[in-house]
Amino acid sequence: MTEIDVPGRGRIAVEHLVLDVNGTIAAGGELIDGVAQRLAQLRDRIAVVAVTADTHGTAAVLREQAGIEVKVIAPGGEGAQKLELVQALGAQSVVAVGNGANDVEMLQAAALGVCVVGREGAATAALLASDVVVADVADALDLLLEPRRVVATLRR
């Protein structure tokens with residue numbers, strides 16, 4: 001568990017990290033450089049799960065490369081399925097990271113929602129649903145590796 005105490009907002013006890021796959025931690029079905037190394041560092045602190053409809057058919061490969069749980073959801077209604085996952089884990093202890101319109105619900109529900117703009121861009125709705133917006137997935141994961149960055153961004 002990682003605790004982040006944000007002045008003016010309160011304490012977030014992070015137990016779970018939920019990651020969108022396509023456009024967030026992977027591009028074209030391949031893990032983005034630097035993701036596996038950062039996830040290896042985070043796995044000792046929090047439970048990490050990636051969620052995907054497995055558009056590129058690479059969930060098993062990503063699971064092996066990243067060393068994390070990968071939950072495959074059914075095509076259609078992905079936003080609701082991602083929200084259900086976050087709620088099942090206990091939204092108050094989840095950091096959600098995504099970039100797409102189907103990530104909006106999980107970004108809103110999580111204790112901390114992070115939108116990654118990245119190479120594929122980000123849906124405006126995902127930007128507006130997030131607490132923090134970052135340029136790439138490395139920045140998002142680094143927020144959890146160095147929680148003082150979250151505090152610097154969100155303190156009031």
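Which strands does helix α3 lie across? Helix α3, residues 78-89, lies across β3 (16-20), β6, β7 and β8, and runs at about 170 degrees to β3. The axes behind that angle are lines fitted to C-alpha atoms, for helices over the stretch in contact, and angles run from 0 to 180 degrees between N-to-C directions. Helices (H or I, at least four residues) and strands (E, at least two) are DSSP runs, numbered from the N terminus.

Before I continue, a word on the basis of this talk. This is a predicted model, in which local features need pLDDT of at least 70 and side-chain atom pairs count only at pLDDT 80 or more, while totals for chains, interfaces and linings use all residues. Residues are numbered from 1 along each chain as its sequence is written, and side-chain values use heavy atoms, with hydrogens and water left out.

I turn to the sheet. Six strands form an open sheet with parallel pairing, in the order β7-β6-β3-β8-β9-β10. The edges are taken by β7 (69-72) and β10 (132-134); each has a single partner strand, so one side of each is left without a neighbour in the sheet. On average, neighbouring strands here are turned by 20 degrees against each other, direction ignored. Two strands count as paired if DSSP finds at least two bridges between them.

Five bridges join β3 to β6 in parallel, and leucine 17 stands opposite valine 48 in β6. Four bridges join β3 to β8, also parallel, with valine 18 opposite alanine 96 in β8. Further along, β6 (residues 47-52) is joined to β7 by four bridges, again running parallel, and valine 49 stands opposite glutamate 69 in β7.

How many residues of β3 are buried? Five of its five residues are buried, and the strand is mostly covered. Buried means under 20% relative accessible area, exposed over 50%, and partly exposed in between, with a 1.4 Å probe and protein chains only. His16, Val18 and Asp20 point one way from β3, whereas Leu17 and Leu19 point the other way.

Leaving aside neighbours within four places in sequence, aspartate 103 is in contact (heavy atoms within 4.5 Å) with Asp20, Lys82 and Gly98. The side chains of lysine 82 and aspartate 103 meet in a salt bridge of 2.5 Å, N to O. The term denotes a side-chain nitrogen of Lys or Arg within 4 Å of a carboxyl oxygen of Asp or Glu. This pair links distant parts of the chain, 21 residues apart, since lysine 82 belongs to helix α3. Both partners are buried: lysine 82 has 2% relative accessibility, and aspartate 103 has 0%.

Where else do such pairs occur? A search of the whole structure finds eight salt bridges. In one of them, arginine 38 meets aspartate 142, the closest N and O atoms being 2.7 Å apart. Arginine 38 lies in helix α1 (residues 35-42) and aspartate 142 in helix α6 (residues 137-145), so the pair ties together parts that are 104 residues apart in sequence. Arginine 38 is partly exposed at 22%, whereas aspartate 142 is buried at 16%. Glutamate 146 and arginine 148 form a salt bridge at 2.6 Å, N to O; glutamate 146 is partly exposed at 26% and arginine 148 exposed at 62%. Finally, Glu3, Asp5 and Arg11 are linked in a network of salt bridges.
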